[in-house]
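I opened this notebook to keep track of what I looked up, entry by entry. The structure comes just below, and my notes follow it.

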Amino acid sequence: MGWQSGIVRQNQRHSERLCTLKIAAPLPGFTAGQFVRIGLPVDGKVLARPYSLVNAPSQAELEIYFNIVPEGPLSPKLFELQPGSEVMVGAPTGFLVVDEVPDVPCLWMMATGTGIGPFLSILQTDAPWQRFEHVVLCFSVRTQEELTYQRLIADLCSAHPDQFHFLAYVTREPMPNALSERIPQTIANGVLEDRVGVPITPENSHVMMCGNSNMIADVSAQLELRNMVRHRRREPGHYTMEKYH
Ligand code: NAP
């Protein structure tokens with residue numbers, strides 16, 4: 001599939017630097033957790049970057065969630081797009097999908113910032129609820145304002161009260177009921193497992209990570225201490241990842 005033309009339907013600003021775009025585009029279908037390239041014509045070429053899809057595959061409009069990189073060539077332009085604007089959309093791809101996860105009782109999803117996107121897509125499908133006894137979502141942001149998509153997450157909590165565990169991490173200002181340490185610290189000190197009531201072991205867990213590459217490195221190091229190894233198609237393991245920056 002080459003570039004498809006998409007039309008922006010909605011530009012939702014969450015803060016001065018966070019934005020959701022909804023886009024109508026004739027995509028052939030995708031698997032929850034995958035990303036597409038989104039592009040704009042710049043100087044006669046298509047300037048494009050990968051963005052995870054937040055919507056479930058069953059939903060008609062594509063949705064991307066991103067932060068503005070002030071000095072970047074593309075995100076400031078995407079940030080300004082209004083309904084009716086045209087964007088280019090590439091083919092969906094990526095392996096941060098539940099089909100890749102071995103059968104275990106507990107699926108852990110750990111995200112920083114806009115890395116929450118692919119997990120929201122997965123959580124809006126039936127697969128995680130049919131396959132796992134426990135589904136845990138850890139969402140780490142700097143400030144309360146950046147703790148976005150809370151209505152969707154509250155709906156998931158209501159729909160799956162015994163199965164779904166949501167933990168908010170707000171690391172640069174106090175917030176009631178949120179954890180204030182980083183995700184890897186709460187693995188190291190046992191706080192995360194205490195909150196969820198399930199241990200993180202090679203036998204019972206698979207961990208998906210998305211977002212800041214330092215978070216991914218630090219969580220991976222914690223998991224390796226527990227004899228958990230990176231999952232590869234030919235060698236099934238215990239954690240998978242997608243780096244955002
Ligand atoms: P971020 O800096 O990755 O922060 C998101 C969350 O990830 C925070 O809770 C942060 O904790 C945590 N984190 C960072 N390193 C980690 C590690 N090694 N292990 C575990 N957790 C870790 O991402 P972001 O806030 O989405 O920002 C993305 C980009 O935007 C960055 O390049 C940033 O510099 C920039 N930014 C700009 C503004 C602004 O202009 N107003 C504001 C925020 C970010 P900590 O708080 O402890 O680092």
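**Ground rules.** I note that this is a predicted model, in which local features need pLDDT of at least 70 and side-chain atom pairs count only at pLDDT 80 or more, while totals for chains, interfaces and linings use all residues. Residues are numbered from 1 along each chain as its sequence is written, and side-chain values use heavy atoms, with hydrogens and water left out.

I then asked which elements supply the shell, taking helices (H or I, at least four residues) and strands (E, at least two) as DSSP runs numbered from the N terminus.

An N or O atom in the side chain of asparagine 212 lies 2.6 Å from an oxygen atom of the ligand. For arginine 142, the distance from a side-chain N or O atom to a ligand oxygen is 2.7 Å, and a polar side-chain atom of serine 140 is likewise placed 2.7 Å from an oxygen atom of the ligand. On its own the ligand has 870 Å² of accessible area, of which the protein covers 72% (Shrake-Rupley method, 1.4 Å probe).

I traced an open sheet of 5 strands in the order 9-8-7-10-11, with parallel pairing, where two strands pair if DSSP finds at least two bridges between them. Strand 9 (164-170) and strand 11 (239-243) stand at the edges with a single partner strand each, so one side of each has no neighbour in the sheet. The twist from one strand to the next averages 10°; axes here are lines fitted to C-alpha atoms, for helices over the stretch in contact, and angles run from 0 to 180 degrees between N-to-C directions.

Within this sheet, strand 7 (residues 106-112) and strand 10 (residues 205-211) run parallel and are joined by 6 bridges, and the bridge partner of leucine 107 in strand 10 is histidine 206. Helix 4 (residues 150-159) lies across strand 8 and strand 9, at about 150° to strand 9.

I found an open sheet of 6 strands, ordered 4-3-6-1-2-5, with antiparallel pairing. Strand 4 (45-52) and strand 5 (62-67) are its edges, each with a single partner strand, so one side of each is left without a neighbour.

Strand 3 (residues 35-42) pairs with strand 4 over 8 bridges, and leucine 40 stands opposite leucine 47. The two strands form a hairpin with 2 residues between them, where aspartate 43 in the turn has a positive phi of about 50°. Strand 3 also pairs with strand 6 (residues 86-89) over 2 bridges, with glycine 39 opposite methionine 88.

Technical notes:
A polar contact is a pair of N or O atoms within 3.5 Å; within protein, one must be able to donate a hydrogen and the other to accept it, and residues adjacent in sequence count only if both atoms are side-chain atoms. Contact means heavy atoms within 4.5 Å.
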